[in-house]
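Here is a friendly walk through one structure, taken a piece at a time. Keep the viewer open and follow along as you read.

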Amino acid sequence: MDKTDPLKMIHNIPQPAFEQYLTDVLAKDSNVDIRRGVSFISLRQDGFQAVITTVEERTTGHQFQIRSKYLIACDGARSKVRTGLGIGSDGEDSYETMMTIHFNANLRPIVGNRVGMLHWIADPLASGFIIAYDLSGNSVLISNFDATKQPVESWNQELCRQTVTSAIGKDIPFDVLSYRPWVLSRKVARFYRQGNVFLAGDAAHSFPPTGGLGLNSGLGDVHNLAYKIALVLQGKASERLLDSYDEERRQVAIVNSIQSVKNGKQIFGLLKTLGIGEDAVRARRNLYASLGDPDKKREIDEGIEAQREHFDNLALHIGYVYGDKSIPPHASKYVPSFAVGARLPHAWIRLLRQQSSTKPNLAPVDVSYVDEFSADDIQLRQHSTLDLCDIDKFTLLGNLDSVPGVKSYRLGRDFEVVGPGADGWLASSGLDKAGGLLVRPDQHILMVLDATNTAKDVEIVLDKYLGRSH
Ligand SMILES: Cc1cc2nc3c(=O)[nH]c(=O)nc-3n(C[C@H](O)[C@H](O)[C@H](O)COP(=O)(O)OP(=O)(O)OC[C@H]3O[C@@H](n4cnc5c(N)ncnc54)[C@H](O)[C@@H]3O)c2cc1C
């Protein structure tokens with residue numbers, strides 16, 4: 001981030017840039033073979049032994065088969081794998097149709113110093129919102145249009161141009177890069193596994209983008225699944241471990257989908273309260289009348305407060321506890337939990353012993369761009385408790401020395417918890433009372449140890465989790 005720029009935006013990575021980053025990382029991995037322009041056609045399963053997938057090269061029409069032990073279908077909301085397997089979905093079929101228009105205007109002169117990423121358009125000619133990934137030239141307009149007046153088939157470049165110009169409010173140069181309709185719907189597949197085929201990402205669940213929960217839900221799916229498949233393939237876990245993928249991840253999607261629909265309804269309800277609708281002239285008059293009406297003020301204030309869960313929803317991103325079926329009371333109220341199934345809460349740590357066996361794989365965090373931090377503050381914020389958890393290992397934090405197959409970090413010898421929240425973290429985790437935490441490779445807690453627990457107790461819990469006999 002440029003420290004000299006007074007008009008800073010929050011961190012945001014445009015999805016195309018993120019996908020390119022992933023592609024670049026994967027291209028360097030010799031275990032990964034990336035094939036472009038290849039479509040999934042069909043699959044059949046040879047019992048639990050193998051999945052035989054038929055795919056087609058789009059340019060040549062050439063079909064070939066891939067034999068694999070497992071298949072993870074991440075082919076999006078209209079997943080052909082899911083429909084081919086006959087897996088139905090729970091949820092509402094259709095809620096409202098929206099048009100996404102990708103364009104490249106320089107919006108900086110328009111917004112001035114209001115450099116937000118999300119700009120709501122309260123204008124009936126272009127009701128919706130602009131997601132400004134890069135205010136200088138890469139944005140998306142999500143237009144909430146009336147499909148009875150403007151059917152999806154009637155949309156073309158010209159209508160997109162008119163809509164974007166109305167949304168911007170000024171006639172400035174831009175190109176329409178693409179446009180695509182989508183339906184504001186909520187769907188969660190009835191099951192995520194059929195034999196050796198797993199659904200992940202939008203193929204498993206799709207919900208309105210109101211809340212920005214889609215991508216993280218998909219990443220969470222594969223974070224949960226990948227290490228389990230690896231352990232089974234390495235012969236370290238029983239096949240049964242793979243059933244826990246559905247049990248754990250479907251509940252997260254159900255909660256996130258319900259919240260996303262609620263957010264969508266609340267934002268469109270607010271626009272209604274403001275009096276937006278029908279033709280532009282009446283809508284503007286209604287809007288200003290509503291804003292000046294003291295009786296409506298309370299309703300508008302409540303409508304704005306109701307948006308909190310829409311934009312501040314950490315409890316959904318990292319607050320879920322596997323095994324807990326309750327719906328979080330408020331999406332904004334993230335309370336770090338040290339229960340079994342919860343994601344290990346973050347705390348800043350200082351590494352005391354930098355041996356290869358205890359060194360985290362991740363490079364130190366660099367928060368030097370935060371103007372408010374002193375040199376000491378920056379120094380304290382280099383590593384997180386989460387950095388201690390390798391993606392392919394179980395990790396023990398606490399006071400036990402060694403457990404076979406587990407990476408152990410001893411408090412006071414290998415690391416110490418630092419920073420403002422240190423005492424609270426140590427007390428809540430039980431580490432200050434000689435307890436400990438056994439953490440799965442996906443950073444979720446598997447066992448909470450007290451001072452009486454031994455290495456044998458940890459082994460018993462691990463054996464049970466992995467379905468190993470002992
Ligand atoms: C307007 C909008 C705004 C959004 N904003 C946010 C946000 O702010 N934050 C957030 O977290 N999420 C957001 N989302 C949701 C997010 O984009 C999705 O959750 C995410 O892209 C899902 O990733 P995925 O890989 O599962 O599916 P997709 O991104 O849909 O990828 C599926 C891939 O499978 C390929 N494919 C499909 N069929 C076949 C086939 N037969 N053969 C081979 N390949 C196939 C497709 O070409 C595509 O590359 C938004 C969505 C929309 C529509």
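## The ligand and its surroundings

A polar contact here is a pair of N or O atoms within 3.5 Å. Keep in mind, too, that this is a predicted model. With that in hand, look at Leu215, where a polar backbone atom sits 2.7 Å from an oxygen atom of the ligand. Asp202 takes part through its side chain, with an N or O atom 2.8 Å from a ligand oxygen. At Gly214 the backbone is again involved, and here the distance from an N or O atom to an oxygen of the ligand is 3.5 Å.

Which residues come nearest to the ligand? Of the 18 residues around the ligand, they are Gln15, Phe40, Asp202, Gly212 and Leu215.

Next, find the open sheet of 3 strands, ordered E5-E11-E14 and paired in the antiparallel sense. Its edges are formed by strand E5 (89–90) and strand E14 (205–206), each of which pairs on one side only. Between E5 and strand E11 (residues 187–189) there are 2 bridges, and the pairing is antiparallel. To place this pairing in your viewer, look for Ser89, whose bridge partner in E11 is Ala189.

Helix H6 (residues 243–273) packs on this sheet and touches E5, E11 and E14. The direction of H6 makes about 170° with that of E11.

## Two helices side by side

Two packed helices are described by the angle between their axes and the distance between the axes. For helix H5 (residues 214–233) and H6, the axes come within 10 Å and cross at roughly 170°. Because an angle over 145 degrees counts as roughly antiparallel, H5 is roughly antiparallel to H6.

Which residues of H5 meet H6? They are Asn216, Ser217, Gly220, Asp221, Asn224, Leu225 and Lys228, and on the H6 side they meet Ser244, Tyr245, Glu248, Arg249 and Asn256.

Another open sheet has 4 strands in the order E18-E17-E20-E21, with mixed pairing. Strand E18 (406–410) and strand E21 (445–449) have a single partner strand each, so one side of each is left without a neighbour in the sheet. On average, and ignoring direction, neighbouring strands of this sheet are turned by 15° against each other.

Strand E20 (residues 436–439) and E21 run antiparallel and are joined by 4 bridges. Here Leu437 stands opposite Val448 in E21. Helix H13 (residues 455–466) lies across strand E17 (394–398), E18, E20 and E21, and runs at about 155° to E21.

Methods:
Residues numbered from 1 in each chain as written. Predicted model: local features only at pLDDT ≥ 70, side-chain atom pairs only at ≥ 80, totals over all residues. Heavy atoms only, no water. Pairing = 2+ DSSP bridges. Contact = heavy atoms within 4.5 Å. Axes fitted to C-alpha atoms, helices over the stretch in contact; angles between N-to-C directions. Parallel < 35°, antiparallel > 145°, perpendicular 65-115°, else oblique. Near = heavy atom within 4 Å. Polar contact = N/O pair within 3.5 Å; in protein donor to acceptor, adjacent residues only side chain to side chain.
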